[in-house]
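Reader: I have the model open and would like to go through some of its local features with you. Could we take them one at a time?

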Amino acid sequence: MWHTAESLHAAADQVNAELAGPGVWWHVLPSHYIAGAMVIVRAFRSGSQVVRRRQGHDIAESLEEFVTQSTGDFPALPWFTSLVPKQLSELIGLALRNTAIADGLGRFSRIFVGGQRVPDSMMSKAMELGLNVTRTYGAAETAGGCVWNGEPLAGTEVDIVQNRVAISGAMLAGGYLGDSGRTKDHFVIRDGKRWFLSDDLGE
């Protein structure tokens, strides 16, 4: 699929508007995935710092490096990160056995988790550790998470069309590159607005 600079900026700006930024992003996800790429776009748009996970380092080593660098170089800035459920689960498991990991995670102003279903049990464990975890919903077609804890961000509209989740907003992709049929099926005009009609069931 393809995005424009305007759609990526719109997605980044609606997230940044909700944050206590500018801050420091712990960049854990690969940049060729939309969630990883949007960390960079959000940071660029807000003037935030980015500390990348170094290749070959496990997630605990990366977190330790992030804490050390951010505390030393950017002591007054809030911390943010974006994770998938598997990464959050691993970090929670480590935090339950290691107070340094727990303390580091507890200092994040926002820990975003999405990309797939986030079990309620995982959220409960995160809350028990005092972590500020935000469950997000979105897709590559929406330039990442645009619904937080079940509530659409400003500039995002959500509807259910024939039991499918539909999303509207300035952050929508232009379509699927070289696939006009799929673009026509998933990007539709309703009541004068452009919507992404997902394959996710909803009510």
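Reader: Where is Asn-163 placed?

Author: In this predicted model, Asn-163 sits in the loop between β8 (157-161) and β9 (164-168).

Reader: And is Asn-163 buried or exposed?

Author: Asn-163 counts as exposed, at 53% relative accessibility; the cut-off for that class is over 50%.

Reader: What is the phi of Asn-163?

Author: It is positive, about 70°, although Asn-163 is not a glycine. Ala-143 is another residue to look at here: its phi is near 55°, a positive value in a residue other than glycine.

Reader: Which loop holds Ala-143, then?

Author: Ala-143 belongs to the loop between β5 (133-139) and β6 (144-148). Ala-143 is buried, with a relative accessible area of 2%, whereas Asn-163 counts as exposed.

Reader: Staying with loops, where does Ala-173 lie?

Author: Ala-173 is in the loop between β9 and α7 (180-186). Its relative accessible area is 0%, and Ala-173 is therefore buried.

Reader: What is Ala-173 in contact with, leaving aside neighbours within four places in sequence?

Author: With those neighbours left aside, Ala-173 contacts Met-1, Trp-2, His-3, Glu-141, Phe-187 and Arg-194. As for Ala-12, the C-alpha atoms of Ala-173 and Ala-12 are separated by 13 Å, and the two residues are 161 residues apart along the chain.

Reader: Let us move to the helices. At what angle do α1 and α2 pack?

Author: Helix α1 (residues 5-16) and helix α2 (residues 34-46) pack at about 70°, and their axes are 9 Å apart. Angles from 65 to 115 degrees count as roughly perpendicular, and α1 and α2 are therefore roughly perpendicular to each other.

Reader: Which residues of α1 and α2 meet?

Author: From α1, the residues are Leu-8, His-9, Ala-11, Ala-12, Asp-13, Val-15 and Asn-16; from α2, they are Ile-34, Met-38, Val-41, Arg-42, Arg-45 and Ser-46. This contact of α1 with α2 divides into seven nonpolar, three polar and three charged residues.

Reader: Take His-9 from that list. Which residues does His-9 touch, not counting those up to four places away in sequence?

Author: On that basis, His-9 touches Val-41 and Arg-45. The side chains of His-9 and Arg-45 also make a polar contact, at 3.4 Å. His-9 is partly exposed, with a relative accessible area of 26%.

Reader: What about Gln-14, buried or exposed?

Author: Gln-14 also has its place in helix α1, and it is buried, with a relative accessible area of 9%. Its side chain is joined to that of Thr-156 by a polar contact of 3.1 Å. Not counting residues up to four places away in sequence, Gln-14 touches Cys-146, Leu-153, Ala-154, Gly-155, Thr-156 and Met-171.

Reader: Now His-27. Which strand is it in?

Author: His-27 is in strand β1 (residues 24-27). With a relative accessible area of 3%, His-27 is buried.

Reader: What does the side chain of His-27 make a polar contact with?

Author: The partner is the side chain of Arg-52, at 3.4 Å. Beyond neighbours within four places in sequence, His-27 is in contact with Gly-36, Val-39, Ile-40, Val-50, Val-51, Arg-52 and Arg-53.

Reader: Last topic: α5. Which of its residues are buried?

Author: In helix α5 (residues 99-106), Ile-101, Ala-102, Gly-104 and Leu-105 are buried. They cover an arc of only 165° around the axis, so they lie on the same side of α5. An α-helix has 3.6 residues a turn, so residues three or four places apart point the same way.

Reader: And which residues does the face turned away from the buried side of α5 carry?

Author: That face carries the exposed residues Thr-99, Ala-100 and Asp-103.

Reader: What do the buried residues of α5 pack against?

Author: They pack against α3 (59-73), β3 (79-83), α4 (85-97) and β4 (110-113).

Reader: What does Asn-98 do at the start of α5?

Author: A side-chain oxygen of Asn-98 comes to within 2.8 Å of the backbone nitrogen of Ala-100 there.

Technical notes. Residues numbered from 1 in each chain as written. Predicted model: local features only at pLDDT ≥ 70, side-chain atom pairs only at ≥ 80, totals over all residues. Heavy atoms only, no water. Axes fitted to C-alpha atoms, helices over the stretch in contact; angles between N-to-C directions. Helix = DSSP H or I, 4+ residues; strand = E, 2+ residues; numbered from the N terminus. Parallel < 35°, antiparallel > 145°, perpendicular 65-115°, else oblique. Contact = heavy atoms within 4.5 Å. Nonpolar A, V, L, I, M, F, W, Y, C, P; charged D, E, K, R; others polar. Buried < 20%, exposed > 50% of the residue type's maximum accessible area, 1.4 Å probe, protein only. Arc of directions from axis to C-beta. Polar contact = N/O pair within 3.5 Å; in protein donor to acceptor, adjacent residues only side chain to side chain.
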